[in-house]
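Good morning, and thank you for joining.

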Amino acid sequence: MSITTATREVASDQHAGARLRRMLTANGKVTFGLAVVLFFALVALVGPLFVSSNANAFGPDIGVGPSAAHPLGTTSYGQDVLAQVIVGARVSVALGFITGFIATAIAVIVGLVSGYYGGWIDETLSMFSNVFLVLPALPLAIVLASFLPYKGPLTIGFVLTITGWSWGARVLRSQTLSLRNREFVTAAKATGEPGWRIIFFEIFPSEISVVVAQLLGTIIYVILAEAGLEFLGLGDLNSVSWGAMLYWAGNNDALLLGWWWWFVPPGFCIAILGAGLAFVNFGIDEIANPRLRTIKSGRAKTARKVVAP
Amino acid sequence: MRHLIRRVILYLVALWASVTLNFLIPRLSPGDPAQALLARRQRNGGLSPAALHALEIQYGATKDPILTQYGQYVSNLLHANLGTSFANAEPVSHVIARDLPWTLALVGVSLILSFLIGTILGVAVAWWRGAKSDTILMPAFTFLSAIPYFWFALALVYLLGYTLNWLPSNGGYDVYTYSPGWSLGFFFSAAQYAILPALTIVVGSIAGWMLGMRNTMITTLSEDYVLMAEAKGLSRRRVMLTYAARNAILPNITSFALSLGFVVSGSLLTEIVFNYPGIGYALVQGVENKDYPVIQGLFLIITVAVLLANFLADLAYVILDPRVRGEKG
């Protein structure tokens, strides 16, 4: 490797690094949201290494409030709440992201295929996704989960994939509809590119921001719905997760006993993680549509009219 | 009209899909829950041959071909025969008739309240953009939008119910003093018991309407006709309400319809926290008792309710949007 190419590479690396940094910090909401999401991802990844090996292990201190030994108190089985919250992050974060990815992948395939081909393919797929859109998801998830004999993350992931893909498919379909007659698609068609290549290598990259927004929205849905299903006792109750913690807290009268440290932390974590993801989403919205930005100073009226480029 | 007809066809297909899902889920589930269930019922005794046969039809334990089973199932539904509860041999239609009014009243009132308040807040925040309210309300509402309904409900029960003892937080009315009926005392008791669950649903769902309205309102405010209206010297109020908000509300009504299912889901969980005597509470009791006829019947009625509400939102859209109204079919 010659010196010049090496320097050029370093320079382009710096350039890419700077661009990445600018992208991440250009919008305060995105920065904040990413920081929150990263924090929870870290907790999920390495957190369990720092707490006792079995967060479900019963202990001698029953239902004590926050103290030095138990920063977030203990449950009525003597389990350490902080340890449970940290270990529980793993299930919630992993399940949320994996299921979110799978559901979004389905949404991308259905939405793009339906929008690109049109005709009876579009009619059929749209009808299909619209039906899933109007069917109430959680009741359907409850029915599915109550009939499936195996309780656990797989069941919940399956149920939430089935109920979580349709909104993204609908949004991506209309996005694809507006793209499919653009010049670059026509050009690709003229050069004889096959349909699947046009869909996934020409159209898909140009609507990646919409896909990311759908992905984040789906992850929020999955994390909230997962907690709901687990709270109803439809998850694996022997494993440690935020939803299962809330289930046990509810079933052991934590409210009546006034043990707030048992049910406040897991729900708070869900809300913070969800809000972090929502912030990233709104930030992306603002980057894509500058008019939505919160104006810091100056009179709103003068800035309202944005001239299209 | 064409728009409406297409929507109605969609709802009919959705209804058919939910009926069919209800039919297929017990049959496709691995481990054959139906057989296990029937065996359990048989062991416990107390099932008449007719009741047993009805159960067999419902769960596909008969040897009939699947299409015949499907026909029997649908014909049972058409005769409003949703089966009987395993838990107390009560017809499922009675369970629905008893519990549905509670959920309809609770969810209906809180949904309308949160939609109205959220939309008005969204209009205001978009209009006075850049003011303190925007920078404070936006993050606050983003956080609210991510709170699980049932967790907020738990917090309310703990704070306002048990600790401060301001409001009742358990059940639908004062069961020791009143019985359900058309008496004023019962009505006030029910209203009092509904405050906390309603507050949960309003707070849980308001952020979505507010953020959605803010975004469409901001987009609308930069339209030329709004600028024109301002240039003509129309009053600010008029520009804000009849020029901008009037047009910005259309996408919000669409998202209102689409997120109905989400709100209904949230209110199911809310009912459970408050032991509210509605559909959601009955559904979860059904799940706990493995009371499949109740689970399926309630799922159907929830679906029908959501589809009907969607249809109403469509009607509202047609009334509000002259372009759809004028469309020739």
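**From one residue to the interface**

Let us begin with B:L260, which lies in helix α10 of chain B. Helices here are DSSP runs of H or I with at least four residues, strands are runs of E with at least two, and both are numbered from the N terminus. This is a predicted model, in which local features need pLDDT of at least 70 and side-chain atom pairs count only at pLDDT 80 or more, while totals for chains, interfaces and linings use all residues. Residues are numbered from 1 along each chain as its sequence is written, and chains are lettered from A and ligands numbered from 1 in the order in which they are written.

Is B:L260 buried or exposed? It counts as buried because it has 23 C-beta neighbours inside 10 Å. The cut-offs are 20 or more other C-beta atoms within 10 Å for buried, 12 or fewer for exposed, and partly exposed in between, with C-beta atoms placed from the backbone. Leaving aside residues up to four places away in sequence, B:L260 touches B:V306, B:A309 and B:N310; contact means that the C-beta atoms, placed from the backbone, lie within 7 Å. B:L260 and B:V306 are 46 residues apart in sequence, yet their C-alpha atoms are 6.7 Å apart in space.

Turning to chain B as a whole, its secondary structure comes to 13 helices and zero strands. Of its 329 residues, 45% are buried. Among its contacts between residues at least 6 apart in sequence, 73% join residues at least 24 apart.

The largest nonpolar core has 172 residues, and A:A141, B:L154 and B:L298 have the most contacts inside it. Helix α10 of chain B, residues 236–273, gives the most to this core, with 17 residues. Such a core is a set of buried Ala, Val, Leu, Ile, Met, Phe, Trp, Tyr and Cys residues joined through C-beta atoms within 7 Å. Beyond four places in sequence, B:L298 touches B:I96, B:I279, B:A282, B:L283 and B:G286.

After α11(B) comes B:K290, with a positive phi near 50 degrees.

How do α5(A) and α10(B) pack, and at what angle? The angle is about 55 degrees and the axes are 7 Å apart, which makes α5(A) oblique to α10(B). Axes are lines fitted to C-alpha atoms, for helices over the stretch in contact, and angles run from 0 to 180 degrees between N-to-C directions. Angles under 35 degrees count as roughly parallel, over 145 as roughly antiparallel, 65 to 115 as roughly perpendicular and the rest as oblique. Here A:A137, A:L138 and A:P139 meet B:G261, B:S265 and B:L268.

Finally, confidence: the mean pLDDT, the predictor's per-residue confidence from 0 to 100, is 79 for chain B, with 86% of its residues at 70 or more. For the complex, the predictor gives an ipTM of 0.78 and a pTM of 0.80.

How values were computed
Two residues are in contact if their C-beta atoms, placed from the backbone, lie within 7 Å.
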